[in-house]
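I am opening a notebook on a structure that is new to me. The entries below record what I looked up, one topic at a time.

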Amino acid sequence: MTPVLYTLYGFAILFLVYWSSLWIVHIMALVYGKWRLHRKLEPPDLEGAELEGVSIIKPLYQSQETLLENLETFFTLKYPKYELLFCIQEVEDAESQSIVKKLIDLYPKVDAKIFRGGEEVGVNPKINNMAPAYRAAKYPLLLVSDAGIKMKEDTLMDMVVSMKENVGLVHQMPFSCDRTGLPAILEKVYFGTGHARIYLSANLLGINCATGMSALMRKNLLDNAGGFPAFGCYLAEDFFFAKSIQGQGYHVVISSQPAWQNPGESSITYFQNRISRWTKLRAAMCPHTILLEPISECMVAGGLAAWAAYLIFRTDPVVFYLIHVLFWFLSDWVLIHIVQNGSLPFNKFEFLVMWLFRELGAPYIFMHALCNPAIRWRNFEFRLRWGGRAEAMQVKPKLTPLDYGKAGPGYGAEVRLDKVRDYRAAEYSANNYLRKGGGDVMLPLTIKSVI
């Protein structure tokens, strides 16, 4: 054989080995998910054991239709000692503040505080928002929980019980609440299949896979690393929380209950942008994913495996590919039922359609993320460096079609936008205004980035 054929056969054998390892990942996720998720952990005797207190930090950014429903679940947690620290990023966000105050009045026995405006300690807006609450936290355990998370009454107890002596961080695997509409089905399919498969198998192998939407941590371990300000230079602060804790000799584990995301209204575009942002973060923090991630997807992996099997074994590539897709689909169907722990809010046909949409679109999202490396998060845009450090990019304002803005309803004054400095992006659903930081000038929102 010629050197070219030797090379082709070498690649074919190598990829069949890699393809086989993907099925091992499937099996690990199914077995570990069945064993780990939704099992009842025995809580300690409340009279015979002293449970550590938990400071729950809730970063809020813009009010959403499910905010009241989500936040109320934290006031009804069955846990003897915890405090709620609400961080409202924008001082002008009166709607979020009103919802929190309403719940505080409704549940006066719950220790709750509100922090507004945050503190600039880095480029990460979420870290900046939570910094004052972190300093004020009075308990040894710290739970960071996003505004879109909805909790069951026993979830906090489950997470604390999972916090063994050698464990420094307990995180919840992201999943979605039952909602209607195609975007909701797409989210549940993604988080219950491809994302769950990698998340469960990585946790089984001890690989850092923590997400920060719901993570319980030992505060002293974060203090040892410099506290929240030390992680303000990263956008993926959750990854570096876990990395720091593992570096101090502690384990990172998942809770038996998933993190129930309940964001309210969503869209397929929003979902795709979110997945694209995560892809960019992984590529910056773990560059080897640039090579492995695209060939780990069902359609790409199946195509390459069909070619390799044809080259070596002379199997029918079409039959091989169709069998591969069928078994991948059935494996994901079983896995999503394990994660759901009950009946799904959609039928098999809806699952098939959105599963195909997700699998066929995965390579496009990956390539789009690589071709557009800048990350737009909230109202800011960032450039990532290798290793995960981020730097904020200054974006020129879009002044068309308006070059002027009125100084608020009824003020009767006009302010030239190009004469105003030190704007702080504050796009929130209550009134769609952009406010000059430190002043009283309110301008129509024609700039969606920092000037």
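**Entry 1: a buried pair**

I looked up E237 and found it buried, at a relative accessible area of 5%. I use buried for under 20% relative accessible area, exposed for over 50% and partly exposed for values in between, with a 1.4 Å probe and protein chains only. I note that this is a predicted model, in which local features need pLDDT of at least 70 and side-chain atom pairs count only at pLDDT 80 or more, while totals for chains, interfaces and linings use all residues. Residues are numbered from 1 along each chain as its sequence is written, and side-chain values use heavy atoms, with hydrogens and water left out.

Which residue forms a salt bridge with E237? I found K126, with the closest N and O atoms 3.6 Å apart. A salt bridge here is a side-chain nitrogen of Lys or Arg within 4 Å of a carboxyl oxygen of Asp or Glu. K126 lies in helix α4 (residues 125–136) and E237 in helix α9 (residues 237–247), so the pair ties together parts that are 111 residues apart in sequence. Helices (H or I, at least four residues) and strands (E, at least two) are DSSP runs, numbered from the N terminus. K126 also counts as buried, at 5% relative accessibility.

**Entry 2: other salt bridges**

Side chains of opposite charge can pair when their charged atoms come close. I asked how many salt bridges a search of the whole structure finds. The search gives 21.

One of them joins E297 and R358, whose closest N and O atoms are 3.2 Å apart. E297 is in the loop between α11 (289–292) and α12, and R358 is in helix α14 (residues 348–371), so this pair ties together parts that are 61 residues apart in sequence. Are E297 and R358 buried or exposed? Both are buried. I also noted a network in which salt bridges that share partners join E83, D111, K113 and K138.

Another salt bridge is formed by D154 and K40, with the closest N and O atoms 3.9 Å apart. The pair links distant parts of the chain, 114 residues apart: D154 sits in the loop between β5 (149–150) and α5 (155–162), and K40 in the loop between α1 and β1 (54–60). D154 is partly exposed, with a relative accessible area of 33%. K40 is exposed, with a relative accessible area of 72%.

V4, L5, L8, F11, L14 and W307 make a nonpolar surface patch of about 570 Å². Patches are made of residues with over 30% relative accessible area and no salt bridge, where like charges are joined within 9 Å and nonpolar side chains (Val, Leu, Ile, Met, Phe, Trp, Tyr) within 5 Å. The areas come from the Shrake-Rupley method with a 1.4 Å probe, and for residues only the protein chains shown count as cover.

Which helix gives the largest share of the nonpolar patch? Helix α1 (residues 3–36) does, with five residues. L14 lies in α1 and is exposed, with a relative accessible area of 56%.

I then checked how α1 packs with helix α12 (residues 298–313): the angle is about 130 degrees and the axes are 9 Å apart. Axes are lines fitted to C-alpha atoms, for helices over the stretch in contact, and angles run from 0 to 180 degrees between N-to-C directions. The two helices, α1 and α12, are therefore oblique to each other. Under 35 degrees counts as roughly parallel, over 145 as roughly antiparallel, 65 to 115 as roughly perpendicular, and the rest as oblique.

**Entry 3: loops and contacts along the chain**

I looked for positive phi values in residues other than glycine, and H38 has one near 65 degrees. H38 lies in the loop between α1 and β1. R314 has a phi near 60 degrees, also positive in a residue other than glycine. R314 is in the loop between α12 and α13 (317–340), and counts as exposed at 52% relative accessibility.

Last, I looked up L200, which is in helix α7 (residues 194–204). L200 counts as buried, at 0% relative accessibility.
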